[in-house]
Amino acid sequence: MQTLLIPAAAAAAVAAAPSFELPLAPNRVSVRSPPPAAVKTLWLESTDPKKNVSLSTSPPKTSSTTAAAQSFLIPDAPAAAPPSDDQPSPALCRVSVRSPPPATVTTLRREKDPKKRVVITGMGVVSVFGNDADAFYDRLLAGESGVVPIDRFDASAFPTRFAAQIRDFYSEGLVDGRNGRRLDDCHRYALVAAKKALESAALAVGSRAMNKIDKERAGVVVGSGIGGVTEFSAAVEALAAEGPTEISSLAIPLMTSNAASALIAMDRGIGFMGPNYSVSAAGATANHCLHSAADQIRLGRADVMIAGGTDAAVVPAGLGAFAASGALSQRNDDPGTASRPWDRDRDGFVLGEGAGVLVMESLEHAMLREAPIFAEYLGGAATCDAYHLTNPRPDGRGIALCINRSLEDAGVAPEEVNYINAHATSSILGDLAELEALKQVFKAPNQMIKMNATKALHDRALPRRSWRFGGNRHYQSYKYRMGASNYKPNFVQHLCSVKLQNPDPACPFDQFDTVHNVKQQHKVHVGISNSFGFGGHNSVVVFAPYQHNSFY
């Protein structure tokens with residue numbers, strides 16, 4: 001608040017406001033100065049200090065009042081208005097005026113700087129369908145389910161006796177013999193997925209292109225929802241059976257969730273020395289990692305990032321803990337149809353394992369080395385429900401906030417999105433909370449958005465599908481989905497909710513086309529991928545087809 005001395009009959013200009021009445025008090029006029037661009041003329045009428053004054057944005061209409069009224073401009077730094085020499089100074093009065101806040105205008109703008117634009121140049125996956133991204137995608141299109149009865153250990157005493165268990169894992173030539181014997185499964189999966197992604201990005205280990213990479217500007221952000229649970233279980237069993245001296249000296253470093261990022265970076269053929277850390281946010285982990293890795297590039301701290309997620313918890317402790325929480329489906333008589341997002345008869349998610357990794361680069365760096373570009377990362381966001389340890393907010397508020405912020409970060413309007421890769425875990429509460437959030441964000445009339453949930457086939461990697469194929473579930477073959485060079489142009493083949501037998505009437509299928517039980521071709525303009533996890537963690541990432549000459 002600033003103070004300005006003016007005659008009671010003078011007019012002061014502050015931020016525009018409708019006419020209103022203010023009581024007079026002797027001696028001073030106090031006004032809050034508006035921003036420089038908001039300087040206006042405000043008219044003050046009445047010279048009678050016993051009456052109220054009227055402040056108006058319009059000049060007085062009557063001639064008698066007009067003669068007595070004056071206008072006075074108040075800039076950012078208000079100044080006193082001296083009385084004229086031929087008139088006596090009238091009585092002064094105090095008038096307090098609070099200017100309204102300026103209107104907030106949000107202008108959506110996508111990144112133009114090739115040093116800050118982030119593109120996807122490589123993909124790697126380890127899944128129930130093998131270690132090849134193309135084969136993985138083809139199996140999804142064929143409608144095959146990777147969910148089978150558990151045969152790795154005796155699961156007969158568990159209420160849930162099936163999972164998306166990886167069998168016949170092959171890592172020869174990608175993981176050396178020593179690491180192959182001592183590492184936790186989640187670390188082996190991460191190493192193989194990372195090397196497959198680098199190979200896909202034309203940065204194969206030992207290649208000339210790989211040797212040209214500035215290793216100090218290349219980093220790794222690969223997270224895990226639970227870390228080395230096999231190693232943890234082995235340590236507990238050793239302690240119980242033979243005492244503390246039998247616990248492995250590597251138990252602690254292999255239990256922690258950061259081990260995957262560290263092991264990838266220190267591999268003799270990789271050696272990335274730039275930003276290196278992990279994110280652990282339950283089922284939202286991998287999207288967090290993609291978002292964090294992209295930010296390292298946007299901030300100019302790295303040119304290349306390996307990003308994604310890994311988990312391997314199909315072990316007695318992992319299965320038992322999730323079964324005890326009541327989160328797992330118990331459809332033991334038909335494991336292949338157990339995961340059924342948006343179905344009226346859904347009863348929980350399916351435990352799985354695997355790894356998914358993307359190679360992310362600045363557009364400038366990718367173009368300089370003539371890298372293959374599968375898609376462009378536009379933006380992302382993370383929020384928290386702040387509601388419950390395991391259940392989502394029923395009103396979807398935290399999820400809607402995350403989606404809106406991701407679109408704002410990407411410079412994308414909701415009307416531009418025509419594909420959603422849903423979190424959709426086949427949980428009773430989770431599926432509905434996500435749909436409630438989507439309805440709050442996507443409100444355009446007649447906007448029918450394609451939306452799928454591929455976990456019905458490949459599981460939900462622990463916990464809460466934390467890696468979502470590290471983004472590869474959404475990008476399981478983005479070269480097909482998003483129009484990469486040298487691949488099928490600009491369409492996505494949806495294979496979605498193939499186990500949807502009895503659609504839940506609470507789901508808004510009139511607004512979101514889940515493409516259930518059939519595959520379709522769909523040209524994607526902008527797609528989002530949702531990931532949510534225990535603790536109310538939400539993460540959303542936004543992608544689009546890469547266009548060489550697009551400068552937004």
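## Ground rules

Contact here means heavy atoms within 4.5 Å. Helices are DSSP runs (H or I, at least four residues), numbered from the N terminus.

This is a predicted model, where local features need pLDDT of at least 70, side-chain atom pairs count only at pLDDT 80 or more, and totals for chains, interfaces and linings use all residues. Residues are numbered from 1 along each chain as its sequence is written, and side-chain values use heavy atoms, leaving out hydrogens and water.

## Helix 12 on helix 13

Helix 12 (residues 397–410) packs on helix 13 (residues 428–441) at about 45 degrees, axes 8 Å apart.

Who touches whom? From helix 12 come Arg-397, Ile-399, Ala-400, Ile-403, Asn-404 and Leu-407, meeting Ala-433, Glu-434, Ala-437, Leu-438, Gln-440 and Val-441 of helix 13.

## Helix 4 on helix 8

Helix 4 (residues 185–200) and helix 8 (residues 259–266) also pack at about 45 degrees, with axes 9 Å apart. So helix 4 is oblique to helix 8. On the helix 4 side, His-187, Ala-190, Leu-191 and Ala-194 meet Ala-259, Ala-260, Leu-263 and Ile-264 of helix 8.

## Helix 2

Within helix 2 (residues 133–141), Ala-133, Phe-136, Tyr-137, Leu-140 and Leu-141 are buried (under 20% relative accessible area, 1.4 Å probe, protein chains only). They sit on the same side of the helix because their arc around the axis is only 135 degrees.

At the N-terminal end, Asp-132 is the cap, with a side-chain oxygen 3.2 Å from the backbone nitrogen of Asp-134. Just past helix 2, Gly-143 has a positive phi of about 80 degrees.

Definitions and conventions: Buried < 20%, exposed > 50% of the residue type's maximum accessible area, 1.4 Å probe, protein only. Helix = DSSP H or I, 4+ residues; strand = E, 2+ residues; numbered from the N terminus. Arc of directions from axis to C-beta. Polar contact = N/O pair within 3.5 Å; in protein donor to acceptor, adjacent residues only side chain to side chain. Axes fitted to C-alpha atoms, helices over the stretch in contact; angles between N-to-C directions. Parallel < 35°, antiparallel > 145°, perpendicular 65-115°, else oblique.
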